[in-house]
Amino acid sequence: MSSLDDISVTTVDPDDDASVLRENVRAILHEIEGMLDTLLVTGETGAIDIRSLPMLPGDYDALELALGNGEVSAEFDGGNGPSVVSETAVPGVWWVTHYNDDDEIAAEFIEVTRIPELLLSQDEDMRDGLDVLRTRLRNALRH
C-alpha cells in the first residue's frame, strides 16, 4: 500500500529558467501555431484576447519573451486613446495594445494576420484623401 509520502514531488520555479515554457504560455503558443497554419492554408485570420485569459504572474512576460520583437511597429491615436501595433519575431503574429486616455491598457490582443486591420486604410478615409488630392490638383492647374 502506498501513501502520499511515497510519491516523488519536484517543484519547479519557472522564473528560475526562462527557457522553460510555462503551461499557460505553451497553450497560447500552440493556439497561435494553429492560427498561423490556418492563415497560411486558408487565409483566415485569428485573434486572442490576452486580457481575457487566466494568466499567472510572469505568464505575460514569458509570452512576450517567447514571441519576441519583429521589425515593424506603429503607434497611433485611435480616437479613444493610443494604440500600438507591433510585429512579433514570428511573421504574421502581431501584438496589438489599446490604451485609454489615462494611458492604461484597455484591451490587448495577439492577432494572427498578414497585417492588422487597424493599419489598413479605411474606404471612407481613402475617399476623403481622394477628394483632397483632386482639390489640390484642380488648384494647382489654376496657378
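Reply: With the elements. Helices (H or I, at least four residues) and strands (E, at least two) are DSSP runs, numbered from the N terminus. Here D101 sits in the loop between β4 (93-99) and β5 (105-112). This is a predicted model: local features need pLDDT of at least 70, side-chain atom pairs count only at pLDDT 80 or more, and totals for chains, interfaces and linings use all residues. Residues are numbered from 1 along each chain as its sequence is written, and side-chain values use heavy atoms, with hydrogens and water left out.

Me: Is D101 buried or exposed?

Reply: Buried means under 20% relative accessible area, exposed over 50%, partly exposed in between (1.4 Å probe, protein chains only). D101 is exposed, at 67%.

Me: How many salt bridges does a search of the whole structure find?

Reply: General idea: side chains of opposite charge can pair when their charged atoms come close. The criterion is a side-chain nitrogen of Lys or Arg within 4 Å of a carboxyl oxygen of Asp or Glu. The search finds 3. In one, R22 pairs with D59, closest N and O atoms 3.1 Å apart. R22 lies in the segment before α1 (23-42) and D59 in helix α2 (residues 59-67), so the pair ties together parts 37 residues apart in sequence. R22 is buried at 11%, and D59 is buried at 1%.

Me: Which side chain does E108 meet in a salt bridge?

Reply: R51, at 2.9 Å, N to O. E108 is in strand β5 and R51 in the loop between β1 and α2, so this pair links parts 57 residues apart in sequence. E108 is buried at 1%; R51 is partly exposed at 47%.
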